[in-house]
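I want to look up its elements, its sheet and its surface.

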Amino acid sequence: MLLRGIGCAVLIVSLALGIIVVADVQIYQRLESFAVDPDTNEKMEGQVAPVPPWNSTEGWVGFKVTFPNEGKEGHEAGGVLLSGSEDYRPEVVLRVVNSTGLTILLVDQFDELAWNDSKVYTQAYINASIRSSQFRLLGLDGAGNYTVLLRGLENRTESSSVLFSIKESWLANRSLIQPGFFSTITIAATACFGGILMIWSYLKPKQSPSRRLKRKGPSRHLRTWKM
């Protein structure tokens, strides 16, 4: 009975696996990749940025980014900003705007009112006590091209080095069990194993009751009397 039960369970499992493969049952998985520069297709991974100090006439430094998978289900984007040097931690702010916002900022020379008129998707900040800052872009609206803007907030004689990376992620369907040679062989082998157990449970010789009972001598608890 035990072999028969195990064999039946294995057959049921193999049948369930076969149904999943044939029906191509789908599940969601989250995929991710780095944002890219729309001009060079370079990944925004560990991007090194020399950031001018506050007293510099250079002002803000910008990097173009785009998200090739923007618009896909469950799309999200975010990144990290951190100091590029172990010896010195600069005070730097990062903001992300779209092309329209960048035009407004350039025309108004990054005036505070210009920032109010521009859509800012995220902001990050690092200083001497905050070595790294994670950020998430909110309200992405299919603008296509975005600009990462960086600005030093300290008076110095030289630029500060920072690193930033930006990733995107989205949801995609995939088969719960990928159909193929390996999955087919695995399911077939499982079914064969279950079938063998079932057949063996029926063919296995059963021991007769007479063999199971061993002859024993008179019970030592049995008393006899002679008449």
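**Notebook: elements and sheet**

I read the elements from the N terminus on: α-β-β-β-β-β-α-α-β-β-β-β-α-α. I note 5 helices and 9 strands in the protein chain. Helices (H or I, at least four residues) and strands (E, at least two) are DSSP runs, numbered from the N terminus.

I keep in mind that this is a predicted model: local features need pLDDT of at least 70, side-chain atom pairs count only at pLDDT 80 or more, and totals for chains, interfaces and linings use all residues. Residues are numbered from 1 along each chain as its sequence is written, and side-chain values use heavy atoms, without hydrogens and water.

**The sheet**

Which strands form the open sheet, and in what order? I find 4 strands, ordered β3-β8-β5-β6, with antiparallel pairing. Its edge strands are β3 (61-66) and β6 (120-126), and each pairs on one side only. The twist averages 20 degrees from one strand to the next. Two strands pair if DSSP finds at least two bridges between them.

I look at one pair. Strands β5 (residues 92-98) and β8 (residues 145-152) are antiparallel over 7 bridges. V92 stands opposite G152 in β8.

**Whole chain**

I note that 33% of the 227 residues are buried (under 20% relative accessible area, 1.4 Å probe, protein chains only). Of the contacts (heavy atoms within 4.5 Å) with a separation of 6 or more, 82% join residues 24 or more positions apart.

How values were computed. Buried < 20%, exposed > 50% of the residue type's maximum accessible area, 1.4 Å probe, protein only. Axes fitted to C-alpha atoms, helices over the stretch in contact; angles between N-to-C directions.
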